[in-house]
Every structure is written in structure tokens, then in C-alpha cells.
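I am opening a notebook on a structure that is new to me. I want to look up its strands and its charged pairs.

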Amino acid sequence: MGTWQSLNPTTGEALGTFTDDSAEAVKERVGRARMAFPAWRDTPVAERIRRLKVLKRKLAADAPELARAITLETGKPLTESLSAEVLLAFDGLDCLIRQAPKTLRSRRITGGMSARVVGFRRAL
């Protein structure tokens, strides 16, 4: 298990120091997600939509700070961070909100959880 720093690619300033999770910590988090899944699976579509709308409102309230953090982490111009990252997340939430009644109305989710691994900039 190691540590690494997130650096502002423009200035080289350290934005934070992070510790890699151990295999045991990842396994524990996956186990918690699996335990939480049945409750989410059984949550009515209308309640899921309500929660997505709450998430969207919270993201909107924090949009300037989120864009600033993205700019510091990636070196993108602030306007690009806002338009290509934050506002794109809003579009994704809007799509989920619009499509949920249609795609989930007659289905019971039987799968499990999924995770997304994404690349990020890391100074070597």
C-alpha cells in the first residue's frame, strides 16, 4: 500500500496526499455495496427518480466548486471543466430521470453492483 500526491498540472502544487486502499478495504466496501443492493433494488421507481433529482440539485449548488476542483486536478480551463464535465453530469442525470419510468416500470433488477474504473492524472 502506497501513498501518492495529486498535483496541479499547471503549477505543480500538491493538492492532496492519498493512500491506496488495501485489498481488504476494497473487499469490505464491495461487501457493503452488495448488502445495500437489495434495498435499492426494491426501492420504487418514483423514489429513485426523487433521489436523482435531489442529487442533481446538490450538484447544481456545488457546480462552481466542482468545476474549480476539476480545473485544479486536470489543468483544463474553468469554462471547459464546467461545460464538459459538470454540465455533462447534469445531462446524464436528466437522461436517467427521463428514462427511468420507461426502462424500469416492468422490470425487477436482478443483477448486482457494478464499478467503473477511470483513468486520472498521477505524477510519477
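**Ground rules.** I am reading a predicted model, where local features need pLDDT of at least 70, side-chain atom pairs count only at pLDDT 80 or more, and totals for chains, interfaces and linings use all residues. Residues are numbered from 1 along each chain as its sequence is written, and side-chain values use heavy atoms, with hydrogens and water left out.

**Entry: the strands.** I looked up strand β1, residues 3-7. Helices (H or I, at least four residues) and strands (E, at least two) are DSSP runs, numbered from the N terminus. Which residues of β1 sit on its covered face? I found Trp4 and Ser6 there. Thr3, Gln5 and Leu7 make up the uncovered face.

Next I checked the partner of β1. It is strand β2, residues 14-19, and the two pair in the antiparallel sense over five bridges. Two strands pair if DSSP finds at least two bridges between them. Gln5 stands opposite Thr17 in β2. I then turned to the hairpin of β1 and β2. Six residues lie between the strands. Gly12 in this hairpin takes a positive phi near 80°.

**Entry: salt bridges.** How many salt bridges does a search of the whole structure find? I noted eight. A salt bridge here is a side-chain nitrogen of Lys or Arg within 4 Å of a carboxyl oxygen of Asp or Glu. Side chains of opposite charge can pair when their charged atoms come close.

I looked up Arg32 and Glu28. They form a salt bridge, with the closest N and O atoms 3.1 Å apart. Both are in helix α1, residues 23-41. Because they are four residues apart there, about one helical turn separates them. Arg32 is partly exposed at 48% relative accessibility. Glu28 is also partly exposed, at 39%. For these labels, buried means under 20% relative accessible area, exposed over 50%, and partly exposed in between (1.4 Å probe, protein chains only).

Then I took Arg41 and Asp42. Their salt bridge has its closest N and O atoms 3.2 Å apart. Arg41 is partly exposed at 23%, and Asp42 is partly exposed at 46%.

In helix α3, residues 63-74, I found Glu65 and Arg68. They are three residues apart, about one turn of the helix. Their side chains meet in a salt bridge of 3.5 Å, N to O. Glu65 is partly exposed at 47%, and Arg68 is partly exposed at 44%.

**Last entry.** Which residues are linked in a network of salt bridges? I wrote down Glu47, Arg50 and Arg51.
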